[in-house]
Structure formats: C-alpha cells, structure tokens
Amino acid sequence: MNVSDNRSGSALHPAIWALAFTLGMAITGYLERYAGVGRTGAIVLMALSSLFLIPMIRSVQARADAKGVNSPALKIYNRRFMIWTFGYMIALTIAITAYQKLELTGALLWLAAALPALPVFGMIWTMGRYVREEADEYLRLRAIYAALAATGLLLAIATAWGFLEMFGAVPHVPSWAAFPIWAIGLGAGQCWQGFRA
Amino acid sequence: MKNRLKVLRAERDWNQQDLADALGVSRQSVNAIETGKYDPSLPLAFRIADLFGLKIEEIFLRD
C-alpha cells in the first residue's frame, strides 16, 4: 500500500484542534469571570471544549500513520492518555467545587487537594507503560530521548526560575506546573526528532 | 553504520513499508536504519539478516 494513501481523509492538523481546545478553555475562563456564566455553565463549556481533544488525538494518529511512526503500543498510549486527561478535568472540577462549596477540613481537605494529582499519576504510569510495551526499538528510543529532553528542559527552567523567584524578579509558580512543562518538553523533543528524521 | 538495505530492498521490489511489515517495525524505523541514522540492536539485525537470507556482515558494513 502506498503510504500517501493514509493521508486521504485525514483530519485537520493536530495543532488546529489543540488551538481550538486552548481557545475554548480560555473563553470559558473569561466568560466565568467577566460574563457571569456561573460555575455550572463553566463546567459545561469546559467539557464541551474538552471534546476537541478527541479529533486532536485522531489527527495525531492519522499523521503518525502517514509518517510511518505509529505502532499498536502508541495507539494504546494515546487512548490511555486521553482517558487520564478527561479524568484529570473531572477530578479538578470536583476538587475545586468541593473546596468552594463545602468547608472542607482535615482528611477531606487533604483528599480534595490530592484528587487532581491522581489522574496525573495515571498519565505518568501511562508513559512508563508505553516504554515497556513499545515493541519497535527505534520508536522506544525516540520516546526515551524525548523524555530526557523534557527532563533537561524542566530542570533548566525550574533551576533558573527558582533563582529568579528568590531575587523577586518573577512571581511564584506552583509546583504542579512541573508536569505540564515536562509534557511540553516531551512534545517538543518528539517534534525535534521527527523534524530531523 | 553503512548498510545495503536499500539495494537489497530494491532487488526484491519492496518499498520501506513492505520491509517494515515483514520485520514488524514502523516504516520510520526502516528509514532510520536505511539512512544510517539508527543502528539496529543485534536481535533486529539478526531478524533483518534472516529475512534476506544473508549474514549480518553482508548487510551492515563497517564505517
């Protein structure tokens, strides 16, 4: 089969869907803060915005197929990661709502505060499983290189930011930002290797 | 590491996807090996050699 055949019917570029998701979330935040949409409305809008992630993942799969960099393990990885992403949004919504509506203290406060971290643990587990399950040694190596690049980026940013923060040059950033920064580094590392291949 | 994969593939009228399917790897892997950007592990090198019915050193050449 001609590889170019895989491109037929492929969706829009994943970046378009990622942009749509980001815009949807940003607009949701704006409407909640300035247009009086309310918490329930914001949650509905956030859920609708999250639907953009489905075509985004499909577009990523289609492009990976077309470029010959897809594998069964990668498909499982993408599916698991999407499930954990939705789980994260649900957990975050529950935690914030519970914190604002109920006067949580003690163990319940700890539980609500830790809740959004659990799906993130799932995402990290998913990444580890992918490295174990990927039968294609070249794709596995690419994933490991990307993870190393992401770790280097995170360490560099965290170190520089820490000193800048210590001297009052930049505001404080919560430590949960570590994972999204690492994930951005992972994506950038994969893109860089794809560009070089 | 240099190799004769492209020639061997052409002799059999296989494209990269055909070879990738036969080896159970991605087309990008075949491309990376063929262009010398990635050196396969010994197990994969043996699989490639077995597929072509050759010895490893008849496919992969010293730099």
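At roughly what angle do the axes of helix H1 (residues 14-34) of chain A and helix H2 (residues 38-50) of chain A cross, and within what distance do they come?

Reply: Happy to take you through it. Please keep in mind that this is a predicted model. The axes of H1(A) and H2(A) cross at roughly 175° and come within 9 Å. An angle over 145 degrees counts as roughly antiparallel, so H1(A) and H2(A) are roughly antiparallel to each other. Those two values are a handy way to picture the pair: two packed helices are described by the angle between their axes and the distance between the axes.

Now for the residues that make this contact. H1(A) brings Phe21(A), Gly24(A), Met25(A), Thr28(A), Leu31(A) and Glu32(A). From H2(A) come Ala42(A), Leu45(A), Met46(A), Leu48(A) and Ser49(A). Sorted by class, the contact has seven nonpolar residues, three polar ones and one charged one.

Let's step back to the chain that holds this pair. Chain A has eight helices and zero strands, so you will be looking at helices throughout, given how elements are assigned. Its C-alpha atoms fill a box of roughly 60 × 40 × 35 Å along the principal axes. Of the 197 residues in chain A, 14% are buried. Among the chain A contacts with a separation of 6 or more, 72% join residues 24 or more positions apart.

Chain A also meets a partner. Twelve of its residues are in contact with twelve residues of chain B. On the chain A side, the largest share comes from helix H7 (residues 137-166), with three residues. By class, that side has six nonpolar, three polar and three charged residues.

H7(A) turns up again in the largest nonpolar core. Of the 20 residues in this core, Tyr138(A), Leu139(A), Ala150(A), Val30(B) and Ile33(B) touch the most other members. At least two core residues each are supplied by H7 and helix H8 (178-196) of chain A, and by helix H2 (16-23) and helix H3 (27-34) of chain B. The largest share, six residues, comes from H7(A).

Leaving out residues up to four places away in sequence, Ala150(A) touches Trp182(A), Gly185(A), Leu186(A) and Gly189(A).

Notes. Residues numbered from 1 in each chain as written. Chains lettered and ligands numbered in written order. Predicted model: local features only at pLDDT ≥ 70, side-chain atom pairs only at ≥ 80, totals over all residues. Contact = placed C-beta atoms within 7 Å. Helix = DSSP H or I, 4+ residues; strand = E, 2+ residues; numbered from the N terminus. Nonpolar A, V, L, I, M, F, W, Y, C, P; charged D, E, K, R; others polar. Core = buried A, V, L, I, M, F, W, Y, C linked by C-beta atoms within 7 Å. Buried ≥ 20, exposed ≤ 12 C-beta atoms within 10 Å, placed from the backbone. Axes fitted to C-alpha atoms, helices over the stretch in contact; angles between N-to-C directions. Parallel < 35°, antiparallel > 145°, perpendicular 65-115°, else oblique.
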